[in-house]
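This briefing concerns the fold and packing of a single structural model. Please read it alongside the sequence and the coordinates.

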Amino acid sequence: VRAVAGSRDVNTMGFCAGGILLTTVLAHLAARKDKRVKASAFAVMLLDFDSEAAIGSLSATEMLSAAEFGSAQAGVLEAKNLAAVFAWMRPNDLVWNYWVNNYLMGEKPPASDLMAWNADGTNLPAALHKDFLAMFGDNKLATPDAMTVLGTPVDLGRVRQDTFVMAAIADHLTPWQGCYRATQLFKGDSTFVLSNAGHIAGLVNPPGNPKSKYFAGPKPRRDPNEWLAQAQERPGTWWEHWGDWMVARSGEAVAAPQTLGSADHPALEPAPGRYIHT
């Protein structure tokens with residue numbers, strides 16, 4: 001990205017599991033005193049798995065061992081299996097609702113951009129699945145130096161750039177109080193916002209929706225509920241708050257390039273790419 005954009009540093013953003021991966025990258029760069037990432041934003045992401053969450057019901061050692069064995073045998077954790085795990089955390093809404101309406105009643109599910117987003121799954125490599133299970137079962141990511149990435153120990157306390165942390169108030173998968181914990185694990189200046197709705201609707205929340213709102217408040221302290229008591233409810237989408245935050249940490253605006261990529265990094269094909277059709 002730096003080479004294509006001609007920029008000495010970049011701002012990054014990671015959602016959910018992508019945010020977990022991004023934190024390990026930032027910890028690795030911090031261990032090498034590499035400052036190419038200036039600021040980072042995260043959304044609906046758990047880093048401390050001691051937080052109360054529905055996914056904690058799956059943390060029994062035997063279940064984690066069986067999950068690791070299954071993906072190791074196949075080489076991947078298939079997207080449909082991962083989706084099933086998440087669906088059974090809210091069975092009334094995400095399992096039985098469709099079983100009754102679509103299977104018993106024969107009705108077609110309504111077209112929805114959010115459901116299209118939800119259905120866009122991906123297989124998880126077995127090695128990465130194993131690492132995620134270690135983070136989940138032993139809370140290694142929140143424990144300084146408990147795991148390594150590319151040969152360097154992971155200590156989120158070394159991540160000192162500005163961070164923006166977003167959570168959703170009705171999120172069943174990554175409860176907002178658990179997401180809030182990230183503001184305490186990073187040591188740079190942190191901003192926290194709380195969106196309405198759940199894991200996906202709270203995230204995919206473009207301007208123009210009259211039902212949208214979010215909470216913005218003071219500098220995050222230790223207690224998330226204390227933060228919420230002092231926060232202000234604002235109409236609109238958290239995107240706007242993030243946009244202002246990102247612009248304040250970016251360089252001067254420049255004209256958009258006329259072509260994509262660069263000589264060393266040419267564009268491959270039109271978006272969204274061939275993978276979407278396979």
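Strand β1, helix α2 (residues 16-31) and strand β2 form a right-handed β-α-β unit; right-handed here means that, with the strands pointing away from the viewer, the path from the first strand over the helix to the second runs clockwise. Helices (H or I, at least four residues) and strands (E, at least two) are DSSP runs, numbered from the N terminus. The model is predicted: local features need pLDDT of at least 70 and side-chain atom pairs count only at pLDDT 80 or more, whereas totals for chains, interfaces and linings use all residues. Residues are numbered from 1 along each chain as its sequence is written, and side-chain values use heavy atoms, with hydrogens and water left out.

**Sheet architecture**

- The open sheet has 6 strands in the order β1-β2-β7-β8-β9-β10, with mixed pairing; two strands pair if DSSP finds at least two bridges between them.
- Strands β1 and β10 (232-235) lie at the edges with a single partner strand each, so one side of each has no neighbour in the sheet.
- From one strand to the next, the twist averages 20°; axes are lines fitted to C-alpha atoms, for helices over the stretch in contact, and angles run from 0 to 180 degrees between N-to-C directions.
- Strands β1 (residues 10-15) and β2 run parallel and are joined by 6 bridges, with V10 partnered by V37 of β2.
- Strands β9 (residues 213-216) and β10 are antiparallel, with 4 bridges between them; A216 is partnered by Q232 of β10.

**Burial of the strands**

- Of the 7 residues of β2 (residues 37-43), 6 are buried, so this strand is largely enclosed by the rest of the structure; buried means under 20% relative accessible area, exposed over 50%, and partly exposed in between (1.4 Å probe, protein chains only).
- Strand β7 is likewise mostly covered, with 6 of its 7 residues buried.

**Helix α11**

- Helix α11 (residues 238-247) packs on the sheet, where it touches β1, β2, β7, β8 (190-195), β9 and β10, and its direction makes about 175° with that of β7; contact means heavy atoms within 4.5 Å.
- The buried residues of α11 are W238, H241, G243, W245 and M246, and their cover includes β1, β2, β7, β8, β9 and β10.

**Nonpolar cores**

- The largest nonpolar core comprises 39 residues, and those with the most contacts inside it are I20, L47, L141, L156 and F192; such a core is a set of buried Ala, Val, Leu, Ile, Met, Phe, Trp, Tyr and Cys residues joined through side-chain atoms within 4.5 Å.
- At least two residues of this core come from each of α2, β2, α7 (126-138), β7, α8 (176-180), α9 (182-185) and β8, and α2 gives the most, with 5 residues.
- Leaving aside residues up to four places away in sequence, I20 touches M45, L46, L47, F49, F132, M135 and L141.
- A second, separate core holds 14 residues, including A41, M166, V193 and A216.
- In soluble globular proteins, nonpolar side chains tend to be buried together.

**Loop residues**

- V44 is in the loop between β2 and α3 (61-74); its phi is near 40°, a positive value in a residue other than glycine, and V44 counts as buried because its relative accessibility is 0%.
- L150 is in the loop between β5 (148-149) and β6 (152-153); its phi is near 50°, also a positive value in a residue other than glycine, but L150 counts as exposed because its relative accessibility is 72%.
- N205 is in the loop between β8 and β9 and counts as buried because its relative accessibility is 3%.
- The side chains of N205 and S212 are joined by a polar contact of 2.5 Å; a polar contact is a pair of N or O atoms within 3.5 Å, where, within protein, one must be able to donate a hydrogen and the other to accept it, and residues adjacent in sequence count only if both atoms are side-chain atoms.
- Not counting residues up to four places away in sequence, N205 touches S195, N196, S212, T237, W238 and W239.
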